[in-house]
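Here are a few exercises on chain contacts and helix packing. Keep the viewer open and try each one before reading on.

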Amino acid sequence: MNYNFDFSFIGQYWPSLLDGLWISAEMSAVALIGGFLLGVMLAVARTQGSPTVRRLATGFVDLTRNTPLIVQTFWLFFGLSALGFLVPAIAAAVVALAVNTSGYTCEIVRAGIDSVHYGQKEAAACLGLSRSQVMRNVVLPQAIEKMYPALISQFVLVMLATSIMSQISVEELTAVGLQIQTRTFRGFEAYLVIAAIYLVMSWLLRVIMNLCYNVAFPRQRHISQARSTFRPGAPAPSDTSIATGARP
Amino acid sequence: MIMGVTSGQWFFILQGAGWTLILSLLGFVGGTVVGLPVAVFGTSNSRVLRILTGGYVKLIQGIPLPVVMFICYFGISIAGYDLPALVAAGIAMTLYSSAFLGEIWRGCIEAIPKTQWEASESLALGKIQVLTSVILPQAFRVAIPPTVGFLVQIVKNTSYAVVIGFFDLTYSSRVINNSTFKPFVIFTAAALIYFAMCYPLSVLSYRLERKLKRHSRL
Amino acid sequence: MNSTVQFQNVRKCYGHNEVLKGISFDVPKGSVVALIGQSGSGKSTALRCINGLEEIHGGELYVCGRALHEKNCDITALRLQVGIVFQSYNLFPHLTVEKNITLAPRKVKRTAPKEARELAAHVLSQVGLADKAGEYPDQLSGGQQQRVAIARSLAMQPELMLFDEVTSALDPQITGEVLKVIEGLAKDGMTMVLVTHEMGFASAVADQIIYMREGVVWEAGDGNLLKHPSTPELQQFISNGL
């Protein structure tokens with residue numbers, strides 16, 4: 001194979017890459033927050049709602065989790081255009097992403113809610129707290145703390161999923177690759193560079209989320225959290241990495 | 001003509017669905033062939049092997065699948081081969097599945113209590129025998145629910161192959177949409193076809209997991 | 001009505017299983033009642049009926065002037081008057097000791113943050129843990145956690161306190177510190193119902209001891225009941241416990 005790698009395009013195209021990166025980051029942030037909030041609402045609906053509410057929420061979650069994101073996006077984007085609403089592609093993209101991730105977030109949070117011992121709910125109710133107060137102050141904080149590793153993985157997936165939005169002409173990072181390919185025929189190198197940028201973004205996102213965890217949940221339970229095996233897709237830490245962890 | 005789409009066009013869409021199934025199968029088989037060593041080496045005593053497999057998994061899991069597809073596609077053409085998009089998509093799906101399946105299965109192997117290793121080693125079984133006769137059979141049982149669950153992801157994620165022009169269900173439905181401009185009809189139909197493929201697997205995975213939990217309480 | 005709690009022929013079923021077969025007793029204001037008996041006798045169930053954790057299916061139950069057997073009974077309002085401490089403490093692990101105690105006063109009674117903190121400090125010193133306000137539950141021993149649980153219920157200033165086998169999960173050496181706190185509350189005139197296995201404690205502190213067996217009140221008497229049991233079953237129960 002005689003191939004001369006040529007990364008010189010970076011010199012000319014790094015502004016485009018940065019612009020694309022920025023759009024990807026923006027989309028991720030909005031979709032993550034929206035999807036998370038929607039997912040929590042769905043989880044509460046599925047655990048606390050009336051039978052009709054539960055069935056609707058379950059149906060919604062099943063639908064979004066068993067159809068591909070890109071089909072959901074096409075449905076939304078092309079559908080809205082056909083109805084005459086000229087939504088900007090990026091808006092449709094963010095909504096589709098948020099809706100898609102809400103299904104997964106719902107299941108993660110729901111598993112967390114179910115894992116909170118019923119004695120906690122009993123004790124809180126016996127102190128006079130209303131059902132919504134119990135949920136907000138006692139159940140959800142513990143649920144989210146327990147499910148945090150799974151949430152981090154889900155968030156990284158959302159960030160990576162922004163990549164497909166180039167299919168509805170959103171000028172995000174992956175779209176720049178095609179741009180570079182058509183003008184310099186260095187598609188292979190371009191996508192290698194883009195892959196590297198996504199890797200850095202994934203790593204950065206995990207770092208930021210871990211920081212948020214330390215701020216939101218100041219308890220010294222990191223040691224026990226690291227032992228939790230509920231981390232689909234993330235390698236389990238080796239035992240030697242567990243800190244000596246001061247337990248007074 | 002059903003709902004503004006001709007039967008010929010419907011047939012076109014269904015052909016795409018057929019290729020979706022084929023690519024899913026390719027992805028699963030490839031992912032198993034590559035993923036099993038990844039899982040086993042990921043639990044080995046050799047730190048080098050663990051770092052290599054861990055690095056491989058982190059690498060694939062940190063890159064979007066469309067980008068992996070592009071890299072495979074352009075990689076094949078600059079290597080001098082003129083192959084259909086199916087090959088590139090197949091390789092990409094294999095890489096993707098192997099990383100995730102490898103991680104899932106590694107977790108299942110590590111879920112087998114250390115005492116099983118100790119007991120079998122004390123019976124003078126060699127490393128490979130311990131794995132094949134004691135550990136892997138047990139890990140296999142534990143692995144079935146999440147593996148079936150991941151199959152759903154494979155089927156859905158074949159839709160990303162559309163970026164390299166692979167003729168799957170998403171591609172065929174978009175083509176028809178471009179000529180009929182009936183997105184709600186077409187993409188709802190496509191969604192329903194994906195749902196019909198994925199939902200049974202999701203339900204199966206859930207039921208298997210419940211069954212496994214009940215058994216393990218004994 | 002001078003009684004804080006009045007059971008009148010109360011019945012309760014779990015499916016086809018009748019757990020309470022018509023029990024009747026009174027808890028006068030300011031008194032301490034101990035419910036004793038084997039597991040499955042219905043004593044914990046009876047206790048949990050008092051604050052509405054369990055529903056009753058027959059008879060009448062009056063607590064703090066409310067009729068629990070009626071459909072429209074406001075359980076949430078009742079729980080402001082009745083405090084309960086559980087065997088497994090059920091402290092909120094994600095909150096500090098102080099926040100555990102101030103959560104309900106702030107959210108339910110809309111107490112101001114400063115007042116709530118002062119209240120927490122007061123109840124914590126009542127249970128002897130004034131210096132633990134900033135710690136998390138899993139940093140405390142079992143006995144300390146149970147005392148925090150008591151403080152948490154006290155912070156709502158209830159008229160009636162329920163204790164559901166609160167020392168059963170503790171090491172024998174540390175049950176003493178919890179029992180001391182309960183004894184202190186009794187001396188201060190708190191109306192209490194205890195489900196307990198601690199016979200000595202029941203005799204020392206209770207004004208009324210009720211021995212339950214198979215869902216009925218088998219024998220009842222004052223604090224000296226355990227010294228002078230009438231029925232052979234209670235005699236057997238006491239000698240098994242010694």
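**Exercise 1: two helices in chain B**

H4(B) and H6(B) are roughly antiparallel to each other. Bear in mind that this is a predicted model.

Task: work out at what angle the axes of H4(B) and H6(B) cross, and which hand the crossing has.

Solution. 
- Start with the axes: those of H4(B) and H6(B) come within 8 Å, crossing at roughly 150°.
- Angles over 145 degrees count as roughly antiparallel, so that is the label for H4(B) and H6(B).
- As for hand, H4(B) makes a right-handed crossing with H6(B).
- Now look at the side chains: the H4(B) residues in the contact include Phe100(B), Ile104(B) and Trp105(B), while Val142(B), Pro146(B) and Phe150(B) are among those from H6(B).
- Sorted by class, this contact has 16 nonpolar and three polar residues, with no charged ones.

**Exercise 2: a helix pair in chain A**

Solution. 
- First, check the span. Helix H7 of chain A covers residues 148-161 and reaches 20 Å from its first C-alpha to its last, close to the 20 Å expected at 1.5 Å a residue.
- The crossing of H4(A) past H7(A) is right-handed.
- H4(A) brings Leu97(A), Thr101(A), Tyr104(A), Thr105(A) and Ile108(A) to the contact, and H7(A) brings Ala150(A), Leu151(A), Gln154(A), Val158(A) and Ala161(A).
- By class, the contact of H4(A) with H7(A) splits into seven nonpolar, three polar and no charged residues.

**Exercise 3: who touches whom?**

Task: say which chains share the most contacts, and how far apart the closest C-alpha atoms of chain B and chain C lie.

Solution. 
- Two pairs of chains are in contact, and chains A and B share the most contacts.
- Chain B puts 41 residues into that contact and chain A 35 residues. On the chain B side, H8(B) supplies the largest share, eleven residues. That side divides into 26 nonpolar, eleven polar and four charged residues.
- Turn to chains A and C: 18 residues of chain A meet 19 residues of chain C. Here H6(A) gives the most on the chain A side, with six residues. The classes on that side are eight nonpolar, seven polar and three charged.
- Chain B and chain C are joined by no contact, and their closest C-alpha atoms lie 23 Å apart.

**Exercise 4: one leucine**

Solution. 
- Locate Leu201(B) in helix H8 of chain B.
- Leaving out residues up to four places away in sequence, Leu201(B) touches Val148(B), Leu151(B) and Val152(B).
- Gly31(B), 170 residues away along the chain, has its C-alpha 18 Å from that of Leu201(B).

How values were computed. Residues numbered from 1 in each chain as written. Chains lettered and ligands numbered in written order. Predicted model: local features only at pLDDT ≥ 70, side-chain atom pairs only at ≥ 80, totals over all residues. Contact = placed C-beta atoms within 7 Å. Helix = DSSP H or I, 4+ residues; strand = E, 2+ residues; numbered from the N terminus. Nonpolar A, V, L, I, M, F, W, Y, C, P; charged D, E, K, R; others polar. Axes fitted to C-alpha atoms, helices over the stretch in contact; angles between N-to-C directions. Parallel < 35°, antiparallel > 145°, perpendicular 65-115°, else oblique. Left-handed = near helix turned anticlockwise from the far one by under 90°. Expected span 1.5 Å × (residues − 1).
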